[in-house]
Amino acid sequence: MIQIDNLVKKFPHKTKAGKNSEKTAVDNLSLSVGEGEIFGLLGPNGAGKTTTIRMLTMQTQPTGGRIRYKDMDLAEHAQELKSIIGVVPQHVNFDQDLTVGENLELHARLHHMKRAERQQRIRELLAYVELTDVVNDGVRRLSGGMKRRLLIARALLHQPRILFMDEPTVALDPQVRRRIWQLIRQMARDGVTVFLTTHYIEEAENLCDRVAILNKGRLVALDTPQNFCEKLGRYTVEWDGSAGREYQFFAEKQAAAAFAGQQAGDGSILIRPTNLEDVFIELTGRREGI
Ligand SMILES: Nc1ncnc2c1ncn2[C@@H]1O[C@H](COP(=O)(O)OP(=O)(O)OP(=O)(O)O)[C@@H](O)[C@H]1O
Ligand SMILES: [Mg+2]
């Protein structure tokens, strides 16, 4: 559904000495995403996640490489593809002078939705994200979480076939986050392709069919959450070492137990299943979600 080949984005950049130079935000990225797949892009701050989404959604021009949707080149079919793409941006970008309802109405009109369809869809989505009561409030007055819910409703209005979500559940309370996960799963079951970024490892582990890890603009690894954990070793032993918490990974539970038995019994030792966060730290040297 999405085919990315050798994608590059460079930004002009001033060095410490004040010289003009270039910074590579996305460095030769190639990957593909299948129809109905939930695909997660993970990486530390500044890894290039948002820049990738912005290129995939025609908000910024790539410096190099190629993007195709269903064998259609993005550069050649921009108009056609815009109608099947939905975007939840990382940062709120509503018209602050309009109400909740007016913002949705504006988006629906931009997508040439007919009046009856527009009204019905807006009503349904407001109910889904529990914003019906604030339909006539100015968006300025919404809380952070309400704004994020409105961003999601807006992205879904025109029933996109490919949905990009840049940190969709940041700042949402746990109940709403789980509702959004349900919604994403339902959409994927309906054949919608979902491409999301997140700093919540739990979100990627729960939701994503496959996960790509990006670091400094480069693809570090790509696999299913299960395979990632299996490759690292399904069992983790962790303990308080001299340089803070230390970790060791094992394929077999017996080997993990034997290793733990050899360590000094200071009570800090723990054997547990390996999770995606362990994988993330091993691959990027950074701890996410904290
Ligand atoms: N418009 C821009 N001009 C110059 N540099 C930019 C611009 N946008 C992004 N960058 C740089 O590109 C790199 C990647 O940024 P990007 O926003 O894609 O990271 P990210 O992975 O989304 O990070 P975060 O997790 O913090 O959202 C960073 O070094 C950033 O400073
Ligand atoms: Mg970002």
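**Close-up 1. Glu130 in the loop between helix H4 (115-128) and H5.** In this predicted model, Glu130 has a positive phi of about 55 degrees, although Glu130 is not a glycine. Most residues other than glycine have a negative phi.

**Close-up 2. Ala171 in the loop between strand S7 (162-166) and helix H6 (174-189).** Ala171, a residue other than glycine, likewise has a positive phi, with a value near 75 degrees. With a relative accessibility of 55%, Ala171 counts as exposed.

**Close-up 3. Helix H3 (100-110) and helix H5 (residues 144-156), whose axes come within 9 Å.** The two axes cross at roughly 25 degrees, and because angles under 35 degrees count as roughly parallel, H3 and H5 are described as roughly parallel to each other. The crossing of these two helices, H3 and H5, is right-handed. On the side of H3 the contact is made by Val100, Leu104 and His107, and on the side of H5 by Leu150, Ala153 and Arg154. Sorted by class, the residues in the contact of H3 with H5 are four nonpolar, one polar and one charged.

**Close-up 4. The magnesium ion (ligand 2), coordinated by Thr50 and Gln90.** Thr50 contributes its OG1 atom and Gln90 its OE1 atom, at 2.0 to 2.2 Å. Thr50 belongs to helix H1 (residues 49-56), whereas Gln90 lies in the loop between strand S6 (85-88) and helix H3, so the pair ties together parts that are 40 residues apart in sequence. Thr50 counts as partly exposed, at 25% relative accessibility, and Gln90 also counts as partly exposed, at 23%.

Note on methods. Residues are numbered from 1 along each chain as its sequence is written. Chains are lettered from A and ligands numbered from 1 in the order in which they are written. This is a predicted model: local features need pLDDT of at least 70, side-chain atom pairs count only at pLDDT 80 or more; totals for chains, interfaces and linings use all residues. Side-chain values use heavy atoms; hydrogens and water are left out. Donors are N, O and S atoms within 2.8 Å of the metal (3.2 Å for Na, K and Ca); water is not among the atoms, so sites may look incomplete. Helices (H or I, at least four residues) and strands (E, at least two) are DSSP runs, numbered from the N terminus. Buried means under 20% relative accessible area, exposed over 50%, partly exposed in between (1.4 Å probe, protein chains only). Axes are lines fitted to C-alpha atoms, for helices over the stretch in contact, and angles run from 0 to 180 degrees between N-to-C directions. Angles under 35 degrees count as roughly parallel, over 145 as roughly antiparallel, 65 to 115 as roughly perpendicular and the rest as oblique. A crossing is left-handed if the near helix is turned anticlockwise from the far one by less than a right angle, and right-handed if clockwise. Contact means heavy atoms within 4.5 Å. Ala, Val, Leu, Ile, Met, Phe, Trp, Tyr, Cys and Pro count as nonpolar, Asp, Glu, Lys and Arg as charged, and the others, Gly among them, as polar.
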